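Here's a quick walk through this model, going from a loop to the sheet and then to the cores. Keep the structure open beside the text as you read.

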Amino acid sequence: MNRIIVNWMYPRSLTTVFMRAITNRGDFHTIFEPTLPLYWRNRNEPGVQSHQDYEGWPVVYEEIIRKIYGIAEQTPTFIKECPYHAIDNYLADEDYLRRCTHMFQIRNPKYVVLSFWKVIGSQRSMRIEDIGPLASDRIFNRLSELGLHALDNGKTPLVIDGDDFQNDPAGIMAAWCEAVGLEFKPETLRWTPEWRPEYDHCKDFYYDVSGSTGIQKNMEAFLYDDKVVDAVFEDLPMLKMLYEHCLPYYEKLYQYRLKPKKIRGSL
């Protein structure tokens, strides 16, 4: 069986553009949030968007894992996944955890919360679980317990910060490629604008990436205006509460983040 790399991530952390670059490599089959249909079926909650099953994709956890293994029999596989979609299944599935190479993609929850709020338009629809760092922390702790992190013989996690990636996409991608033993291909960081099938399940989340030609810095400019952020948090205190609650979980992984690699010929 070929290699399976899982990017444990949370929404609004620039993971879709990271996976877009991996897809561009041409040497990985990429899988977009494989347990998302299972999550929406299990949540089945009034007031949230209804799930959309992926065509031809199973909706039972064990069958999803078998599907992933079947793909990996044919080609190296890269998976973008929110751990909270099936957190209890993942924590209990030691065979799967041992089979995969693990990485984490994180982002300051200030930006995650505000970006989430911009898309859904209400603080009342947001839950701590949806922000994501808590579930990533549970996966991190389980991998630490099993000694299954990607670096230093299982001792050190492989972590990318989303803002580091948008600030220096070539440097971070080069560092990631070096960490996982792949050739760095700078041409993968550019693409033609495209609406991809995986964006259909929640269209409002993917308008920016579908119209992009590569990793573009600070597309949501208001996130980086401290006066605007302070005003939003003052007016919508639940957003600030979510940010402050998630911040320690983010900081725990932030200390391990990859530093960008200096690219020859860059300034």
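Asn-153 counts as exposed, since its relative accessibility is 80%; exposed here means over 50% relative accessible area, buried means under 20%, and partly exposed is in between (1.4 Å probe, protein chains only). Bear in mind that this is a predicted model, where local features need pLDDT of at least 70, side-chain atom pairs count only at pLDDT 80 or more, and totals for chains, interfaces and linings use all residues. Residues are numbered from 1 along each chain as its sequence is written, and side-chain values use heavy atoms, with hydrogens and water left out.

Asn-153 sits in the loop between H8 and S5, and Asp-152 lies in the loop between H8 and S5 too. Helices (H or I, at least four residues) and strands (E, at least two) are DSSP runs numbered from the N terminus.

| Residue | Phi |
|---|---|
| Asp-152 | near 55° |
| Asn-153 | near 55° |

## The sheet

Across the protein chain there are 13 helices and 5 strands. The 5 strands make an open sheet, ordered S2-S3-S1-S4-S5, with parallel pairing; two strands pair if DSSP finds at least two bridges between them. S2 (29-32) and S5 (159-161) are the edge strands with a single partner each, so one side of each has no neighbour in the sheet. From one strand to the next, the twist averages 20°.

Further in, S1 (residues 4-9) pairs with S3 (residues 77-81) in the parallel sense over 5 bridges, and Trp-8 stands opposite Glu-81 in S3. Helix H8 (residues 133-146) packs on the sheet, touching S1 and S4 (101-106), and its direction makes about 150° with that of S4. Contact means heavy atoms within 4.5 Å, while axes are lines fitted to C-alpha atoms (for helices over the stretch in contact), with angles from 0 to 180 degrees between N-to-C directions.

Thr-77 lies in S3 and is buried, with a relative accessible area of 0%. Not counting residues up to four places away in sequence, its contacts include Ile-4, Ile-5, Phe-28 and Ile-71. A polar atom of the Thr-77 side chain lies 3.0 Å from the backbone oxygen of Thr-75.

## Helix H1

How many of the 11 residues of helix H1 are buried? The count is 10, so H1 (residues 15-25) is largely enclosed by the rest of the structure. Among the buried ones are Phe-18, Met-19, Arg-20 and Arg-25. Gly-26 follows H1 and has a positive phi, near 90°.

Buried residues make up 54% of the 267 residues in the protein chain. The largest nonpolar core has 52 residues, and those touching the most other members are Trp-8, Ile-68, Tyr-90, Tyr-96, Phe-104 and Ile-139. Helix H13 (residues 237-254) gives the most to this core, with 7 residues. Such a core is a set of buried Ala, Val, Leu, Ile, Met, Phe, Trp, Tyr and Cys residues joined through side-chain atoms within 4.5 Å. Tyr-96 touches Val-6, Ile-79 and Tyr-90, among others, not counting residues up to four places away in sequence. There's also a second, separate core of 25 residues, including Ile-160, Ile-172, Leu-189 and Leu-258.

Terms used
A polar contact is a pair of N or O atoms within 3.5 Å; within protein, one must be able to donate a hydrogen and the other to accept it, and residues adjacent in sequence count only if both atoms are side-chain atoms.
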